[in-house]
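Please look at the structure shown here, and then work through the questions below it.

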Amino acid sequence: MADQIKPAGGDRSQLEYYADLLEEAQRIKGISLWKDAWRRLKKNRPAMVSMVFLILLSLLALLTPLLPLQSPSEQNLDDGQFLGPSLAAATLPLSKELADHDTAVEALIVQRNEVAPGPEQQQLDREIAALQQESPLSQYWNNPGPITRSLIRLRATLFGDWCFPSLCGTDNLGRDVLSRLFWGARVSLVVGIVATLVSLLIGVSYGATAGYLGGRVDAIMMRIVDVIYSVPFIFVVIFLITILSEESIRESLNDIGIDQVMIFYVVIGAIYWLTMARVVRGQVISLKNEQFVEAARVVGASPRRIIFRHLVPNVMGIVIIYLTLTIPAVMRFEAFLSFLGLGVSPPDVSWGLLVNEGLQDITPVKIYWWTVTFSGLSLALTLFALSFLGDGMRDALDPRMKNR
Amino acid sequence: MARFLVKRLGWMLLTIWVVYTVSFFLMRAVPGGPFSSEKKIPPAIKRNIEARYKMDRPIHEQYFSHLWSTICLDLGPSYKLEDYTVNEVIAQGFPVSASLGIFAMFFALTVGLTSGVISAVHRNSPYDLSFMLMATIGIAVPNFVLASIAVVLFVFVWPIFPAAGWGQLSQIILPAICLGAPFAGYIARLTRTGMLEVLGMDYIRTAYAKGLGTRQVVVRHALRGALLPVVSYLGPATAGILSGSLVLERIFALPGMGSHFIEAATQRDYTLAMGMVLIYTVLLFVMNTLVDLSYSIIDPRVEVEG
Amino acid sequence: MSHKIRTIFPCLVLVVGAMAMVWAVSFGTLPRADFAFNNGDEIKTVDPAKATGVPEGRVINALFEGLLRQHPLERAPDEHGIVPLAPATRGVAESYSISDDGRIYTFHLRSTARWSNGEPVTAEDFAWSWRRMLHPETGSQYAYQLYYVVGAEAYNMSQVKVGDQVEVELEDRENPQQLFPRGTILRGILTGMDDAAENFSVEVKEEKAGQIDWQGDGQLRHFTKVTAEKPGEGERCYHLLPDFDSHVGIRVTAGDTLVVTLNNRTPYFTDLVAFYPLYPVNRKCVEQHGSPNWTKPGNIVSNGPFLLEFRRIRDRVRMIRNPDYWNAGIVDLQVVDALAIKSQTTSLNMYINGQLDWTTTVPNPIIPDLRDRPDFKTAPMLTTYFYRLNVERPPLDNVLVRQALNMAIDKKKIVEKVTKAGQLPARSFVPPGLPGFKSALCGEFNPERARQLLAEAGFENGRGLPRIEILYNTSEGHRDIAQVIQQDWKKNLRINVILRNLEWGTFLDTLNETDYAVARSGWIGDYADANTFLDMFVTGGTNNETNWGNSEYDQLIKKAGKEKDSERRLEILHQAERILMDEMPIIPIYFYRSINMVQDRVEGFSANIQDIHPLHLLRVRPHGE
């Protein structure tokens, strides 16, 4: 404490006094919001476990193409249908096929480069493009993107032909459930995160603008939110999806490059921005009259700059809290839609789709339990973890708990 | 109170009007959509649609005439089902969904309230911990996963319930339980928190001091206070039950409004889907209004928001 | 808020809650039916003239009855487990006779046949119903089954030429939306007509004492059709058709006698008469209520062994025994439920639980485990599972592409690994087993050759091919087959395929509008002759639904229809099938086996080659016995 330091005067000079004060100050570390929250979070066991689980899951989902899994869409009708979980060895003849494919492509490229530019070269270009399409990568996985492709190639170099055995069994067409789980995780998690980000983007901008501008504009904007809020959004969204999946519309959207999954992101994100907007508006209103905003205005910052450079970063705390509420809700909704058949369509996989297919395999005569159990469990565990983590983060970021 | 109701009604009409207008224009503006002339429709349905929607009239006339019919509760012919009008489909599906919803709500309230009260009274006992764990599971796990597991366990492993269908009482019990379970969990948690708060209050201590038994204290004095958060939760709970019924009716093959709505979505039966969205909006509004009213009646401290 | 309200309120809530519970309980219970079976999906309609599917057929066969009926013979099954079908007999017609040249059929109706409103079923009812079915505005998809009758095709296709006796329907219908009751019908001779047949003039003859005086004087009047693009000055009218009474060979000679004249001898005509599109409907009922309201439970008038009690959408059709049915004595079932369950798994579950007495479908993966059960009945069936290709939608407009698609499918794998009930992979459209008929075969499974064909078509390695969509009606079995074919085409031809599924009624409509690229289809022989499979695909045929047409094919079918020598006739049909297989507007996948599971308490159920199980012939022992 400053009062323990002997003041200047007497045998102490001003300099010594200030030196002592400085030393004292440096010893007392200030505590920021985030550090404080992190400290509290660490003490919350379930939340930490959930966080570890989720980080692991996200990593695995991201790196799925790298993992030595079997193909999620390759059917094995010969004798591979409805096999129970087992440790039987499994292989994917990837290395040889890839090698052959690469040799063929290279040969064509060499040929192409030797020829003078002209129709012959164009013809070779076309052949190369066609050959690329035939790659075993497109065969075993559903039209992977370029990053995914490189990851799969890396996997082929690292693991060769070896795959995890069908630890979760196979489904009615002989497809490996384990790999479908992982690829489904990618879809579910990506939709969860991206849709949430969409809702975040819309909600935060909308709420911050409304809160800052205030007055009439605010009143109208919030009225709109209220009206939309009272509409049972799930039903409207399903209606929207109905319209958007009309063939001609789907085709035209496809031509622009928007495929069905992207429609999802936007449509699902469009439900959840309302709460975010309201919450952010509330925060902004309370922050609006703080000094730092006043200062920015005095300096001459435009409203846009004030909103986005100054206000928004300060509402991040509460935004994160609502993020943790929204992501599980979005994931649950995506699974819900896929379960009903309105979500992703085969050959894409999603956890909701897997649960739906699995349910149809349960009969009194034979219970093929593994198709529904593993997907259901993954979905349940992930939502569980998100819920625990969300609770934990909410408690951690609660300003009333500061320094406890 | 009357002012409150009138305001609510106005709000509902505004919302419905917005939904109606947006759907109306969406359906017509979209190229290749349902009412565009390029779309081939089966002749019988085409006759119905043309008779009802007066496709040859200018668009604003269509808008208002359809709006008027909708207000008079005539929602038009189905776009895909030759033999049925939207009203008929809703009329047939509504009682099934309603009975399912009523059972589910009943289950949620009884189980939720009882377990919440017991948990609160015997705080931190094994009952409390297990109830709260089950509640968390019920809330976190999506209801179709819960239902799938319930089907595996209670229909096939231990054949207690019939698998699907509708018509016998036994066929509605399992779906109602699966539908109500998440809400039972939430209500249990709410009740427990509410009860704990109330039980800590002075007037409860007074009641105990007077010599009243636990049951009397809990039921006659504490319960009312603890009920408030539950009552206000009933609004979102109804919304949840309505949307939850979509998947459950599909799993258990119940011919309710939910399954008709999903079929309408998959078949792209626009008129039916739009009609049902309007009905759901109205239902939710009515339920929310009733809940708000009840809330104000139960809690003397709350002034009905005028 | 007064204190009184506050105290009453909880009690009020409890009372309302209790009432709600009581209502919910009472609503959720339905008295149990004697016999419940899974009809597959929600039926599209109950109108005999408008239905085309098997689920509709089962219900229509219970509610209505035609001149004749098809029954399985009352005999023990043979070594394949099949009971043959009896020749069509015993319907509303008590007896019938055929003239020596095989062209004139005389049906004598029984006097005891009644409509459910008490009126007798007369020959006039049949004549009117068949006229309705042939009327172009009804849009019956099975109208071509009456084309064997003189003048029927011309009537259905509105084919008139100058000098013909015609009928004109004026624009004065009671209800413009309904075909019946029709507007004023004027009959006369067509004197002139423009190219588009929109504006024409008719010398209208007078009607004296119920008969048209064709020889007498007529009044020349001009008409223009309501649908005309270039309307003229004449009176507005709906239709210009050949005069039914003078042209079409359907005549009522007495109240109970119907005389039908055919173009040529047609051995299977009696089977056609016993098939549901030719079942009668009650004129008063249809005219009073209009279509489709006449089919609603309160309005419907029917003449079959069962009456329609109620119809709950996507739940069930409940039928009750008709005590006034002329043969009510043999009908054992009192209350029958036809449930609409799409999911094969749910259907099996409900069957094993005892909620269903008969299921027509089971999940394919489980079939090997069910095969040894005594209640599992399977038999060969005169039915083909095939994919229709819309030949107007690129790239399916190229015959090489279609052939490539066919050769890229491993049909053997499908029947062995997916459908699993001993079906046969199909290389022709007509199933085997029809005596004397030799099928024409299409290409075998040969991915290499398929790729060559695709390259010849200009789509080497799938490059340049748009995505193809496979449409199927919602069912796990169809979905699994579609997924396997999706994989086959992807692996062997590098084609991207997406899947779409629709409910039965919507699916049928979409097929009818040919609003698809590739669609799953099935066809049961309506009678035991190759013609029922081949005459579908004539140019513009209502059951063609692929936009394909080939004039040589049409000629062959027509020729076969006229050929008297049966061996030569089958040879002509073989040639027709050859064209069909060469051009491939359809890809045959496999030949069905009927799969039924029937509870032990059900008697009178036998497998037969057309999988017909008339409900009025089934008997059940009561539950619990």
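This is a predicted model: local features need pLDDT of at least 70, side-chain atom pairs count only at pLDDT 80 or more; totals for chains, interfaces and linings use all residues.

Residues are numbered from 1 along each chain as its sequence is written, chains are lettered from A and ligands numbered from 1 in the order in which they are written, and side-chain values use heavy atoms, with hydrogens and water left out.

Q: What area is buried between chain B and chain C?
A: Contact means heavy atoms within 4.5 Å, and here the contact takes 47 residues from chain B and 45 residues from chain C. Buried area is the accessible area (1.4 Å probe) that two parts lose on being put together, summed over both. Carbon and sulfur atoms give 56% of the area buried between these two chains, which is about 4,300 Å².

Q: Which residue of chain B meets the side chain of Lys296(C) in a salt bridge?
A: A salt bridge is a side-chain nitrogen of Lys or Arg within 4 Å of a carboxyl oxygen of Asp or Glu, and the rule finds three across the interface of chain B and chain C. In one of them, at 3.5 Å from N to O, the side chain of Lys296(C) meets that of Glu88(B).

Q: What is the omega of the peptide bond that joins Ser291(C) and Pro292(C)?
A: A cis peptide bond also runs from Phe180(C) to Pro181(C), with omega near -5°. The bond joining Ser291(C) and Pro292(C) is cis, and its omega is about 0°.
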